[in-house]
Amino acid sequence: MTNLVAINYSAHKHLKIDIAKTQEHSATQNMLPVVVAEFSQVSVQHPIVLAKSGETGEFTLTALLGFEQHENLFSKDGQWQGVYIPLQLQRQPFFVGDIQAEEAGDYAVCINLDSPSIVRDSAQNNVNDIQVLFTDSGEDSDYFVKMKQCLGYLLQGEIENKALIDTLLALNLVQPLSLDVTFCNKQSSRLNGLYTVSEEKVAALAPEQIGRLHKAQQLKPIYTMINSLGQLYPLIERKNQQLVSVHD
């Protein structure tokens, strides 16, 4: 559940966050939105693909975490098992409000009060991963400043993501990703509804088009997406290891 409220000092000065429990938010997600700025980190462990919204028909850039709905092969006992934690998970349980705050260009920072990371038991106060939002003097804590920066990266990332997706569509570089996988227990899975970048069409672009992509700093993320598909094989191995451990 999501119960978003705008953060203010008087209402939330005593609020505490258990960082270890923020990772529970991804436990049942088989895809996680990512932004172009983190492609290099994400691509070392996840395939980066395009997913189309069933409601709007718009594409989003996502990291693939599992082969089935609600399957996250990078989550174990609510804890993230990957080397890099994507920004969408790092920023939990904070969100950017839909309405702007009073100062022009600023946004309301909200928190999900239904998040499992909010400390409700005083016995948790001695845990090392507990963080506060405000200092005793009423200033933002270092932790809260970092979370605001993370939200800022995601806001900027939405702009860069849209620009990249618009370019891919304009150059007709998007193609469906169809993949049939058979796991060690003979169970099969088919990936449908996902898209990727056509390496052949990128290679066939005219030199001036490649030059424009390079100038717009979009050529590297395009090839990063293409190369990240190699992470499908380690993802299959994660699934196989999970299936083996279940039957041991």
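The side chain of serine 117 makes a polar contact with the side chain of serine 115 at 2.7 Å. A polar contact here is a pair of N or O atoms within 3.5 Å; within protein, one must be able to donate a hydrogen and the other to accept it, and residues adjacent in sequence count only if both atoms are side-chain atoms. This is a predicted model, in which local features need pLDDT of at least 70 and side-chain atom pairs count only at pLDDT 80 or more, while totals for chains, interfaces and linings use all residues. Residues are numbered from 1 along each chain as its sequence is written, and side-chain values use heavy atoms, with hydrogens and water left out.

**Around serine 117**

- Serine 117 is found in the loop between β9 (107-112) and β10 (130-132); helices (H or I, at least four residues) and strands (E, at least two) are DSSP runs, numbered from the N terminus.
- With a relative accessible area of 1%, serine 117 is buried; buried means under 20% relative accessible area, exposed over 50%, and partly exposed in between (1.4 Å probe, protein chains only).
- Leaving aside neighbours within four places in sequence, serine 117 is in contact with Lys16, Ile17, Asp18, Lys21, Thr22 and Pro93, where contact means heavy atoms within 4.5 Å.
- Serine 117 and isoleucine 130 are 13 residues apart along the chain, and their C-alpha atoms are separated by 9.2 Å.

**Backbone points to check**

- Proline 93 has its place in the loop between α4 (87-90) and β8 (94-100).
- Histidine 70, in the loop between β5 (59-64) and β6 (75-76), has a positive phi near 70° although the residue is not glycine.
- Histidine 70 counts as exposed because its relative accessibility is 51%.
- Aspartate 77 lies in the loop between β6 and β7 (79-80) and also takes a positive phi, near 55°, in a residue other than glycine.
- Aspartate 77 counts as exposed too, at 74% relative accessibility.
- As background, most residues other than glycine have a negative phi, and most peptide bonds are trans.

**A buried glutamate**

- Glutamate 38 is found in the loop between β3 (31-33) and α3 (39-42).
- Beyond neighbours within four places in sequence, glutamate 38 is in contact with Pro33, Tyr84, Pro86 and Leu87.

**Strand β5 and its partners**

- Five of the six residues of β5 are buried, leaving the strand mostly covered.
- β3 and β5 pair in the antiparallel sense over three bridges; two strands pair if DSSP finds at least two bridges between them.
- In that antiparallel pairing, leucine 32 stands opposite alanine 63 in β5.
- Strand β4 (residues 48-52) also runs antiparallel to β5, joined by five bridges, and alanine 51 stands opposite threonine 60 in β5.
- The hairpin of β4 and β5 has six residues between the strands, and glycine 57 takes a positive phi near 80° there.

**Nonpolar cores**

- The largest nonpolar core has 47 residues, of which Leu61, Phe67 and Leu168 touch the most other members; such a core is a set of buried Ala, Val, Leu, Ile, Met, Phe, Trp, Tyr and Cys residues joined through side-chain atoms within 4.5 Å.
- Helix α5 (residues 142-170) gives the most to this core, with five residues.
- A second, separate core of 13 residues includes Ile7, Leu133, Tyr143 and Phe144.
- Not counting residues up to four places away in sequence, leucine 61 touches residues including Leu32, Val34, Phe39, Leu164 and Met225.
- Met225 is among the buried residues of α8, a helix (residues 219-228) that is mostly covered, with seven of its ten residues buried.

**The chain as a whole**

- The protein chain has nine helices and twelve strands.
- Of its 248 residues, 44% count as buried.
- The C-alpha atoms fill a box of roughly 60 × 55 × 30 Å, taken along the principal axes.
- Among contacts with a separation of 6 or more, 70% come from residues 24 or more positions apart.
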